[in-house]
Amino acid sequence: MRMSIIGFAAIAVAFTFALAYAQGDKPPQSAQNQGASGTPVDKHGLTTEPSAAIRICTVSSNCAVKAIDIPTIAPRPEDVGSIDGMIKAWYDIVTVPKGTKPDWARDHTLYTPETRFLSTDLDKNGKIRGTIVDHTMYASGTTPETNGFFESEIHRITNRFGQTAHVYSTYESRHTKDGPVIARGVNSIELFNDGSRWWITYAQWDEERPGNPLPKELLP
């Protein structure tokens, strides 16, 4: 989905990588436990250093994307009243013709304030990396209106237990409604129902590429 659309590949160059974020928030080295290698660890002995393969860009982190103002509006009942409605809105909102911006205010109503997105891609050396953003910074750094962006779901697997659900949603992306497919991949979406509506609490996605084909169980 989404971030693999357009903007973040270019904006990634301007990111102040995960290390800058971590250095701004973690306590001084002297206040942390240290492992045998001298790296900071928590009380369980697990490292507290960020992964070198992960970049973080949230409103509270130190990244080079300027946050846009997203108005607060009431959610649409048809969006948040069912899992089907949530997934339909997920795709509808980012599907825009060239020159037309997504309705980020509507999009914002789908998520909790703490929701994070993780997009997987390859760096210039062909190594896997992940980029974590909150909704505000995702919307701030994504510009589907530049070339137009049409994304559609072609397959879905939903697992639900009680008030929680997980959706594996396979997608195809195009620049125009009937244009050639420019990308395929899978959105992995976590949802929670609070008794009155659904919320997306976390989402991550990865794209099909050489060495990473879509498996048959995630295809129609």
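The exercises below work through a predicted model of one protein chain, each with a solution in steps.

Residues are numbered from 1 along the chain as its sequence is written. Local features need pLDDT of at least 70 and side-chain atom pairs count only at pLDDT 80 or more, totals for chains, interfaces and linings use all residues, and side-chain values use heavy atoms, with hydrogens and water left out.

**Exercise 1. Overall make-up and confidence**

Task: State how many helices and strands there are in the chain, and find the residues over which pLDDT stays under 50.

Solution. 
- Step 1. Take helices as DSSP runs of H or I with at least four residues, and strands as runs of E with at least two, both numbered from the N terminus. The chain has 6 helices and 9 strands.
- Step 2. Sort residues by relative accessible area: buried is under 20%, exposed is over 50%, and partly exposed is in between (1.4 Å probe, protein chains only). Of the 220 residues in the chain, 42% are buried.
- Step 3. Consider contacts, meaning heavy atoms within 4.5 Å. Among those between residues at least 6 apart in sequence, 63% join residues at least 24 apart.
- Step 4. Check pLDDT, the predictor's confidence in each residue on a scale from 0 to 100. The chain averages 86, and 82% of the residues score at least 70.
- Step 5. Residues 9-31 are where pLDDT stays under 50, and the model has 38 contacts beyond four places in sequence for them. Where pLDDT is low, the predicted coordinates should not be read in detail.

**Exercise 2. Salt bridges**

Task: Which residue meets aspartate 79 in a salt bridge, and which one meets aspartate 84?

Solution. 
- Step 1. Apply the criterion: a side-chain nitrogen of Lys or Arg within 4 Å of a carboxyl oxygen of Asp or Glu. The whole structure holds 9 salt bridges. Side chains of opposite charge can pair when their charged atoms come close.
- Step 2. Aspartate 79 pairs with arginine 106 at 2.9 Å, N to O. The two belong to distant parts of the chain, 27 residues apart, with arginine 106 in helix 5 (residues 104-108) and aspartate 79 in helix 3.
- Step 3. Both partners, arginine 106 and aspartate 79, are buried; the relative accessible area of aspartate 79 is 2%. Besides Arg106, the contacts of aspartate 79 outside four places in sequence are Gly85, Met86, Ala89 and Leu110.
- Step 4. Aspartate 84 pairs with arginine 156 at 2.6 Å, N to O. Arginine 156 is in strand 6 (residues 150-161) and aspartate 84 in helix 4 (residues 83-94), so this pair ties together parts 72 residues apart in sequence.
- Step 5. Arginine 156 is partly exposed at 26% relative accessible area, and aspartate 84 is exposed at 52%.
- Step 6. A further bridge joins glutamate 172 and arginine 174, with the closest N and O atoms 3.2 Å apart. Glutamate 172 is buried at 15%, and arginine 174 is buried at 18%.

**Exercise 3. Buried or exposed?**

Task: Decide whether serine 169 is buried or exposed, and do likewise for lysine 101.

Solution. 
- Step 1. Locate serine 169: strand 7 (residues 164-174). Its relative accessibility is 0%, so serine 169 counts as buried.
- Step 2. List contacts of serine 169, not counting residues up to four places away in sequence: Ile87, Tyr91, Glu153, His155, Gly185, Val186 and Asn187. Its C-alpha atom is separated by 7.6 Å from that of isoleucine 154, 15 residues apart along the chain.
- Step 3. Locate lysine 101: the loop between helix 4 and helix 5. At 61% relative accessibility, lysine 101 counts as exposed.
- Step 4. Outside four places in sequence, lysine 101 is in contact with Val96 and Glu145. Lysine 101 and threonine 146 are 45 residues apart in sequence, with 9.0 Å between their C-alpha atoms.

**Exercise 4. A buried tyrosine**

Solution. 
- Step 1. The C-alpha atoms of tyrosine 138 and tryptophan 104 are separated by 9.9 Å, the residues being 34 apart along the chain.
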